[in-house]
Amino acid sequence: MRPPGSPTEHPRRTLAALGLSPRKALGQNFLADRNVAGKIVALARSFPPPFLEIGPGLGALTSPLADAGAPVVAVEIDRGLAAHLRARLASAGVEILEADFLAVPEREWRSRFPVGGTVVGNLPYSISSPVVLRLIELRVRFPRAVLMLQREVVERLCAGPGGKEYGILSVYLGVLAETRREFVVRRACFHPAPDVDSAVMSVRFVGEYPEALVAALRTVVRAAFAHRRKTLRNASVPFLPGGSAQWRELLRAAGIDPAGRAEDVPPAAYLALARAFAGM
Ligand code: SAM
């Protein structure tokens with residue numbers, strides 16, 4: 001008989017054998033399609049090991065990643081799932097960390113990934129933005145990521161200027177990374193099936209930007225997008241001692257039309273604005 005949780009078993013059966021049920025609050029929609037898991041793992045393996053998996057769940061991605069012989073550290077917040085995976089995958093070279101990914105300090109990743117690594121994750125919807133922001137902070141340690149998220153979220157993260165999908169996170173990633181929407185995964189591929197489809201994206205952080213410049217980018221982009229419908233010249237800029245007049249000067253210095261709107265400004269122009277603001 002196969003042990004509960006073998007890669008060929010449907011998540012419904014594994015959960016039943018373990019006496020667990022999916023926890024909605026933790027975004028537990030388990031991937032039940034082995035072909036999709038194989039595609040995601042193949043994509044992840046096109047980037048360098050070792051791997052950090054966020055939210056391994058029942059191990060749909062963890063097992064095939066580990067089968068490839070690559071070291072894997074998987075961080076799972078759910079105690080029952082973490083215990084199950086630890087028992088099942090310890091001998092496969094997988095280290096299970098029972099923790100909230102968002103609360104793991106950088107020094108932990110430094111010691112576990114001294115030469116860096118690649119992130120893989122089928123992420124819970126409710127924490128997708130905080131996870132992406134955290135990955136931006138950790139970009140030097142983890143310069144590559146393969147992420148499955150709600151399809152609409154992937155569209156937003158990969159969006160270019162000129163539409164309502166383009167927002168703060170699209171700008172950050174547009175400046176700091178190359179992103180690619182890889183493929184769509186239908187809702188029927190999960191147990192339980194969510195209300196929406198998912199998509200897989202890859203992220204390659206590129207370039208070296210000092211933290212002070214990234215902080216300046218955050219400040220100007222948040223100000224620009226705080227009121228999307230207003231023209232840029234009317235943004236609220238309490239962080240500037242010279243107020244609106246200084247803001248308009250900075251916009252002009254960056255080649256941005258103060259009569260334009262936040263969603264029409266390309267990432268490179270926001271970077272120029274951040275440089276003008278930070279004097280860098
Ligand atoms: N990777 C598995 C798969 O593809 O079937 C599970 C994906 S499920 C969408 C998300 C997983 O992330 C769940 O196992 C959930 O318990 C875990 N999770 C939720 N919030 C987390 C957090 N803050 N830190 C780590 N894991 C988390």
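**Before you start**

This is a predicted model: local features need pLDDT of at least 70, side-chain atom pairs count only at pLDDT 80 or more, and totals for chains, interfaces and linings use all residues. Residues are numbered from 1 along each chain as its sequence is written, and side-chain values use heavy atoms, with hydrogens and water left out.

**Stop 1: the ligand**

Select the ligand and its shell.

Now color by strand. Strands (E, at least two residues) and helices (H or I, at least four) are DSSP runs, numbered from the N terminus.

**Stop 2: the ligand's N and O atoms**

Show Gln-28, Phe-101 and Asn-122. In the side chain of Gln-28, an N or O atom is 2.9 Å from an oxygen atom of the ligand. The side chain of Asn-122 has an N or O atom 2.8 Å from a ligand oxygen atom. At Phe-101 look at the backbone: an N or O atom there lies 3.0 Å from a nitrogen atom of the ligand.

How much of the ligand does the protein bury? Taken alone, the ligand exposes 590 Å², and 97% of that is buried by the protein. Accessible areas come from the Shrake-Rupley method with a 1.4 Å probe.

**Stop 3: the largest cavity**

Searching the whole structure gives 2 cavities of 30 Å³ or more. A cavity is a set of points, on a 1 Å grid over the protein atoms alone, where a 1.4 Å probe fits but cannot get out; lining residues have an atom within 4 Å of a point. Volume is the space filled by probe spheres set on the points.

Select Val-132, Leu-135, Ile-136, Ala-145, Leu-147, Leu-173, Val-203 and Phe-205. They line the largest cavity, which holds about 50 Å³ of space. The lining has 8 nonpolar residues, no polar and no charged. α6 (128-137), β6 (144-150) and β9 (198-205) each supply at least two of its residues. The largest share, 3 residues, comes from α6.

**Stop 4: the second largest cavity**

Move to Ala-223, Ala-224, His-227, Lys-230, Thr-231, Leu-232 and Ala-235, the lining of the second largest cavity. About 30 Å³ of space lies inside. Its lining divides into 4 nonpolar, 2 polar and 1 charged.

Conventions: A polar contact is a pair of N or O atoms within 3.5 Å; within protein, one must be able to donate a hydrogen and the other to accept it, and residues adjacent in sequence count only if both atoms are side-chain atoms. On a 1 Å grid over the protein atoms alone, a cavity is a set of points where a 1.4 Å probe fits but cannot get out, and a pocket is an open set with protein on both sides within 12 Å along at least five of seven lines; lining residues have an atom within 4 Å of a point. Ala, Val, Leu, Ile, Met, Phe, Trp, Tyr, Cys and Pro count as nonpolar, Asp, Glu, Lys and Arg as charged, and the others, Gly among them, as polar.
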